[in-house]
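Here are my notes for you to go through with the model open beside them. Take the points one at a time.

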Amino acid sequence: MSEPILRVTGLSKRFGGFVALEGIDLEVHAGERLGLIGPNGSGKTTLINCISGALYNDTGRIVFEGRDVTRLTAHRRARLGVARSFQIPKPFRSMTVLENLRVPLEYAARDRTEHRRVGDEAREVLELIGLKERANEGSAGLTQVDMRKLELARALAAKPRLLVSDEAMAGLSSAEVDDILEILFALNRRGVAVIMIEHIMRAVMRFSERVVVLDAGRKIAQGTPEEILHNADVERAYLGE
Amino acid sequence: MDLFSNAIVAGILLGAFYAAVAVGLAITFGQLDIVNIAHPAFVIAGSYCTWIINTRLGLDPVLIGVLLTPIFFVVGAGIYRIYYAAFERTGQESLSGLAFFFGMMFIIEVVLILVYGVDYRLVSAGYIGGTIEFGYVGIPFRMLVPCVVAAAVTVGVWLYLSRTFTGRAILAVAQDRLALQLMGADPVRIKQFAFGLAIATTAIAGSLLIIIGPVEPSVGRVYIGRAFAIVVLGGMGSIPGMIVAALILGVVETLVGTFMGPSWAPAVAFGVLLLTLAIRPTGLFGRQ
Amino acid sequence: MKRADIVFSAILAAVFLSGLGLTEVMKNEYYFNAMYVVLQATIMAVAWNILGGFTGYVNFGSAGFFAIGAYTSIVLDKAFGLPLPFLILGGATVCGALGLGVGYLTLRLKGVYFAIATLAMAIVFETFINNWSYVGGARGVYLLTPEKHLWFDSYIQMLFVLMLALALACIAVSRFLNSSRLGRGLAAIRDDEVAAECAGVPTLRLKLISATVMGAMMGIAGAPYPFFVTFVDPLSAFSLFVAVNSIAMPMIGGTAHWLGPVIGALLVGTAQEIITVNVSSELNVLLVGIMLVVFITLAPQGIVGLAQ
């Protein structure tokens, strides 16, 4: 197998006395679809905060495309190609939908984008995501599902090679879930590796090539979706003894 | 040595008073995350109300302070209502909320100047002017009485917050709105009550302030630094921490004032504040 | 250059030329005094808005930057006798560095702490100046009005034109920032700093740039002040009125757009001059406080927001 684009080794993170993550090893390959699951409080969001740079891990290394990014700020990692969407959407409320996309295009994707093409590329992303008609609407008044799409659109506009999607489907209807799933598949077809954190099992099972399971800050299992479904440790973690 | 020990004792007394000034801010800023920069202005308003009633009716200043608390409570609750409707509900707290209280502080100070001018005002009471001696340390009553009352108020508020249902709800509301709602308490009403309580403390703090020394409208400004320095140094969300910080500030300020000159005193509080923010923003006993 | 830029430059030029024209036509010195005050307020409002409105970090210590600009002027004039342009440059440099320094210490914290820290900074500096006898300490210092005023009829006319030029320059910088890539980065920081950082915006660096520009502009506003008033003391230089105006004017005019602080300053500044002459100057001070509270409660987007 080729060299992974993301390699996390021995990652630990504590908050005061509370151990959020302990000795996490993780690998993601180029263009891979990885599902990250685990009960509430297992450390999934903390892990992606460390990967994206929102938090700094206490021990361990994070290597992205051969580069040690462990101590890099989040914006530097974004420029290198690590993007994330937030569980609770965080649009730039004073801007229109289109203007929201200018920011990642002009900053994170700066080295990969021509200055003159920013507007066009923003519109292309909106087309892909299905928000083209809303381009000039204010981002503050969007519906829930459109806000989630805008989150993903912004992440996509950063032209990442790794996207972490944090519960992009929580609270959505079944049809809306499929909508978002389609967008993630389309993203992946363009060569973007995706780490999907989700509680909606059918989405995880459909989407992931490989699944990693966390519980209480440790990795307790990894494998194909089918293997995970039948894993006794995973069952125990979710259902208790 | 004489000077030094007098300064230490004076500093502790002053620190105890500062704690009473800061306890209201510890609630609004430390617990509710509302940056009420107008808090010291309310204290000055309390001082002026005390002066007016003391001059007209001759009542004891501490008594006046206590009598004023329900009025200040209602005013505080009302102001919170406006703040909530205009800012918290729409999520605009950061920029507009700050400017709101800044404007409020300004209005209070300027109204006082316009109506009463910039002359220093003082109150009269039987014990002001007397001193009690402990060996080579002399404590003026005008410091001792406020210190004792301040300590009572501060400890009282702390006990209230940690022992009663409403008090604990106030401590909880910043951390977990949902749990509070599930318990049947309305977060907005709790916060309104807390804000009212905080402003009520300024009534007493104001009455104590004018016992300690003469007051004029711009005196409040130095207290902005003191109050925020105390709350930040003590650690957000920690009343005991706030008390310790108040005592530290009182002592340091008095030492600086005694040995370097009183014109340096304002810089102490603000300097402490800047240092704390730069080096250890969570303060001594802070929560995050 | 885009057409909008050409129109804007033309307007700036027209305004400046009218200002020059006024010095030929108008003989009543009072009006130049009044306009100087309004222009000074405009620069302060525009400056404040760069960090406050564009980037979302509230500065309560505007009076500190202004006063340090003024006192830098005094020190450079007293020590080296430098001409006015150099004093302005000095003020801009010192206050720009101040903005950078204070920013570096506190912009990594939440906006709330930054706001309080700026107030603290202003008071710490006021205390230092109060204790510094070289610049007169608490008693203040008198300055003689310089002899030279180029081809103008009087010194105040020259100051007016100078201030006009400076104000227009600051407005142009503000407008450029508002619509540039840098400005969009600042707006992203204001709207959601965490999301901005994850979208690749170097938030700390942009915040520092914003604070430095703001500081420098406020220093520019303060540098000619000693020559305008001829008597400077800490009480007037560090006046809370300056601080409140620098916040109220942008908030009333509208903080998201470069035009907001300009409109706010012109409207409020002119109103204040009229009230000072006809009623009293203390009333001004009360009114601006009330206007600030009323506007942010009822019209948080300011006049520009209402118009949109």
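**Notes on the three chains**

1. Start with one pair of residues: A:Leu11 has A:Ile24, in β2(A), as its bridge partner. Before going on, some housekeeping: this is a predicted model, where local features need pLDDT of at least 70 and side-chain atom pairs count only at pLDDT 80 or more, while totals for chains, interfaces and linings use all residues. Residues are numbered from 1 along each chain as its sequence is written, and chains are lettered from A and ligands numbered from 1 in the order in which they are written.

2. Now zoom out to the strands. Strand β1 (residues 6-15) of chain A is joined to β2(A) by 7 bridges, and the two run antiparallel. They belong to an open sheet of 4 strands in chain A, ordered β2-β1-β4-β5, with antiparallel pairing. At its edges sit β2 (18-28) and β5 (67-68) of chain A, each pairing on one side only. (Two strands pair if DSSP finds at least two bridges between them.)

3. Chain A as a whole has 9 helices and 10 strands; these are DSSP runs numbered from the N terminus, helices being H or I with at least four residues and strands E with at least two. Its radius of gyration is 18 Å, close to the 18 Å that the globule rule gives for 241 residues, so chain A is as compact as a globular protein of that length. (The radius is taken over C-alpha atoms, and the rule is 2.2 Å times the number of residues to the power 0.38.)

4. Where does chain A touch chain C? The contact takes 21 residues from chain A and 18 residues from chain C, counting two residues as in contact if their C-beta atoms, placed from the backbone, lie within 7 Å. On the chain A side, α2 (74-80) and α3 (97-106) each supply at least two residues. By class, that side has 11 nonpolar, 3 polar and 7 charged residues. (Ala, Val, Leu, Ile, Met, Phe, Trp, Tyr, Cys and Pro count as nonpolar, Asp, Glu, Lys and Arg as charged, and the others, Gly among them, as polar.)

5. Chain B meets chain C too: 33 residues of chain B are in contact with 34 residues of chain C. On the chain B side, the largest share, 15 residues, comes from α4(B). The residues of this side divide into 26 nonpolar, 7 polar and no charged.
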